[in-house]
Amino acid sequence: METSERPTETEHAVVLEGVSKRYGEVIALDGISLTVGQGEFFGILGPNGAGKTTLVEIVEGMRKADAGTITVFGQRPWPRNIALLRRMGVQTQASAFFTRLTAAEHLETVAALHGLDRGAAYRALDGVGLAGKARSRVDDLSGGQRQRLALATALVHDPDLIFLDEPTAALDPEARRALWEVLRSLRGQGRTIVCTTHYLDEAEALCDRVAIIARGALVALDAPTALIRSLAAPARLLVPAGRITPEQARAIEGVERVTVEGGEVVIETHAANRVLVAVGEYVDMDAIQTRTATLEDAYLRLTGSEHAR
Ligand SMILES: Nc1ncnc2c1ncn2[C@@H]1O[C@H](COP(=O)(O)OP(=O)(O)OP(=O)(O)O)[C@@H](O)[C@H]1O
């Protein structure tokens, strides 16, 4: 039987082909195909309800797909594959902790559930930079320390593939960046990481590649820098209405779109510098406000256009 065999090694950690899932009338996943390479830090982004959780749960073997094939390290995760489960670590939410225990006791309990000794618990604590808090009660840990403990919980059994769900949600900027360092070090150890996040800066900072999902479909899959380049939203120049007419603005070379919003003429362009100079012929430069494009703009445009399909 598949579950009793040693895992077959492949160059891919995860391979999905045409994976679909429906909940009654709702199409949660609509023919998703993608691969995650071994040792890759892979991000899954998408608006609420896009299908991210469903996708991850199918890969983890917690849900059955309606159609398509799924292999993880060359094996099928469904029906529940014990050999594969041992190679996967799932970051639990902080609320799932044994809060009255110390950090070390919590991890020793998790280690015991895996049939491992306390050494595994301490290695995991060390791996997330939390060794100094071993004797602190979970209740007394800061938000950032709790997130690290959540990560350690997924690492106790030394898995090859780790699933992270919003790993830095609700953390302050300093704690987020500190946790990013921990996550980078995990990747440096050759583990494969699949991470769902709503933070585009996080995806950009950590992920080798990012899949963007909207309404159950894969709408983009690439390295973050490539996505930013290819999806770059236009810059917007805001000029007080009356200083330039929309017709004059439209006539400028490089202008892609002109609208009037709340007393301002809004000019969209991918050639901001050139257009700015031309607009300066009509209006004093100090009166022009510029809004440059961000990855967030690009993401919103991409997922928004999918909603409008
Ligand atoms: N058990 C379920 N029964 C019925 N519908 C479900 C179930 N789980 C998810 N859905 C629906 O399937 C769609 C995809 O949900 P899913 O939780 O996978 O999205 P998500 O991208 O993880 O969202 P979020 O970012 O809010 O966590 C949504 O429309 C959701 O309402």
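Leaving aside neighbours within four places in sequence, which residues is threonine 102 in contact with? I took this up as the opening entry on what is a predicted model.

**Entry: threonine 102.** I located threonine 102 in the loop between β5 (88-90) and α3. With sequence neighbours within four places set aside, I found threonine 102 in contact with Ala134, Arg135, Ser136, Arg137 and Val138.

**Entry: helix α3.** I moved on to α3, which spans residues 103-113. I listed its buried residues as Ala103, Ala104, His106, Leu107, Glu108, Val110 and Ala111. I looked up their packing partners and noted α4 (118-127) and α5 (143-155). After α3 I noted glycine 115, which has a positive phi, near 75°.

**Entry: nonpolar cores.** I examined the largest nonpolar core, which holds 44 residues. Those that touch the most other members are Phe41, Leu125, Leu149, Leu151, Leu164 and Ile212. I noted that α5 supplies the largest share of this core, six residues. I also recorded a second, separate core of 26 residues, with Val19, Leu29, Val36 and Phe163 among them. As general background, nonpolar side chains in soluble globular proteins tend to be buried together.

**Entry: leucine 151.** Which residues is leucine 151 in contact with, leaving aside its neighbours within four places in sequence? I found Gln91, Val128, Leu164, Leu179, Val182, Leu183 and Leu186.

Technical notes
Residues numbered from 1 in each chain as written. Predicted model: local features only at pLDDT ≥ 70, side-chain atom pairs only at ≥ 80, totals over all residues. Heavy atoms only, no water. Buried < 20%, exposed > 50% of the residue type's maximum accessible area, 1.4 Å probe, protein only. Helix = DSSP H or I, 4+ residues; strand = E, 2+ residues; numbered from the N terminus. Contact = heavy atoms within 4.5 Å. Core = buried A, V, L, I, M, F, W, Y, C linked by side-chain atoms within 4.5 Å.
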